[in-house]
Amino acid sequence: MATPVFEYTKGMHRVDTNFCPGCTHGIAHRLITETLDEMGMLGNAIGVAPIGCSVQAHKFMNVDMCEAAHGRAPAVASGIRRVHPDKLVYTYQGDGDLASIGTAEIVHAAARGEKFTTFFINNCIYGMTGGQMAPTTLIGQKSTTSQDGRTKEQAGNPIRVSELLSTLDGAVYVERVALNTPANIRKAKAAVRRAFEIQRQGLGFTFIEFLSTCPTNWGVTPPDAMKWLTDNMLPYYPLGVYKQPEKQDGEVAK
Ligand SMILES: Cc1ncc(C[n+]2csc(CCOP(=O)(O)OP(=O)(O)O)c2C)c(N)n1
Ligand code: SF4
């Protein structure tokens, strides 16, 4: 019998997600849980999801999950990781959640060097509530609360969270990846693995930003959403490693 080259990951429950067509939340879910499976850590991981379209992650990820109030996942994950130092602990947060109501939480968790990993789903908008402006909404981008396009005079400039957090000493690994092409998705998976490996070594706070799509609230088709991400998000949110440990055990830092 031929060896399968691609299988359904044990990291995801066998249910249909209710994400919109063309949404990259599902890809992010898969990358995280597939990586945990490959590390043999599915039964030794605890995820924390707060509010937003990530709120239902417990239905899809075959991992012990905990729910947090809006923006508060880093506080919950800090406590869980401190009492379970043998587990891989992560938060899974949208940009409205993490960069708006939860800004203080994420900044202080990173500054404290809490030894969990945050996966930050940046789709430049509040998805679940119908497309309001987020702190990451781009200048000129239309949303229900910036109907003629965001202006910096009225709403300030979009926040680059990876750059911000990488200035904090407790953050040891910060990388921004994108879910717009197969090549970038492979790089995103490598970043997930690296974050979990660094967490396992107990070096400090680890953070992966996924540039993601929200075709429903951007008002575009799924294919056009990939193009919109590429054309509009990549120039303002450059991909790359913003912070990394000098050297990991047995590995030369990339
Ligand atoms: C304390 C509180 N304030 C506001 C809300 C309403 N609310 C629910 S989801 C959400 C925005 C989520 O957007 P984001 O974090 O970008 O996630 P997405 O849905 O885009 O994945 C808001 C404001 C809430 N549930 N609780
Ligand atoms: S509203 Fe946006 S973020 Fe939420 S599931 Fe739909 S496309 Fe994804």
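These notebook entries record what I looked up in a predicted model.

**Entry 1. Conventions.** I noted that residues are numbered from 1 along each chain as its sequence is written, while chains are lettered from A and ligands numbered from 1 in the order in which they are written. In this predicted model, local features need pLDDT of at least 70 and side-chain atom pairs count only at pLDDT 80 or more, whereas totals for chains, interfaces and linings use all residues. Helices (H or I, at least four residues) and strands (E, at least two) are DSSP runs, numbered from the N terminus.

**Entry 2. Strand 6.** I asked which way the residues of strand 6 point. F205, F207, E209 and L211 point one way, T206, I208 and F210 the other, and all are buried. A residue is buried if 20 or more other C-beta atoms lie within 10 Å of its own, exposed if 12 or fewer, and partly exposed in between, with C-beta atoms placed from the backbone. In a regular strand the side chains alternate between the two faces of the sheet. Because 7 of the 7 residues of strand 6 are buried, the strand is largely enclosed by the rest of the structure.

**Entry 3. Neighbours of strand 6.** I then looked up its pairing; two strands pair if DSSP finds at least two bridges between them. Strand 4 (residues 117-122) pairs with strand 6 in the parallel sense over 6 bridges, and F120 has E209 as its bridge partner in strand 6. Strand 5 also runs parallel to strand 6, joined to it by 7 bridges. In strand 6, F205 is the bridge partner of A171 and F210 that of V177. Strand 5 is likewise largely enclosed by the rest of the structure, because 8 of its 8 residues are buried.

**Entry 4. A188.** I located A188 in helix 8 (residues 182-200). A188 has 27 other C-beta atoms within 10 Å, so it is buried. What does A188 touch, not counting residues up to four places away in sequence? I found L31, V177, L179 and F210; contact requires C-beta atoms, placed from the backbone, within 7 Å. A188 and E209 are 21 residues apart in sequence and 9.1 Å apart in space, C-alpha to C-alpha.

**Entry 5. C124.** I placed C124 in the loop between strand 4 and helix 6 (152-155). C124 has a positive phi of about 65° although it is not a glycine. C124 counts as buried because it has 29 C-beta neighbours inside 10 Å.

**Entry 6. Helix 10.** Helix 10 (residues 222-236) has 15 residues and reaches 21 Å from its first C-alpha to its last, close to the 21 Å expected at 1.5 Å a residue; the expected span is 1.5 Å times one less than the number of residues. I found a kink of about 30° centred on L229, the bend being the angle between axes fitted to the seven residues ending there and the seven starting there. The buried residues of helix 10 are A225, W228, L229 and M233. Their cover includes strand 5 (171-178), strand 6 (205-211) and helix 9 (215-218).

**Entry 7. Ligands.** I counted a residue as near a ligand if its C-beta atom, placed from the backbone, lies within 6 Å of it. Ligand 1 is surrounded by 18 residues, the closest being G52, G94, G96, D97 and G127. Helix 4 (residues 95-101) gives the most to this shell, with 3 residues. Around ligand 2, I found residues including C20, C23, C53 and C214. Helix 9 gives the most to the shell of ligand 2, with 3 residues.

Methods
Contact = placed C-beta atoms within 7 Å.
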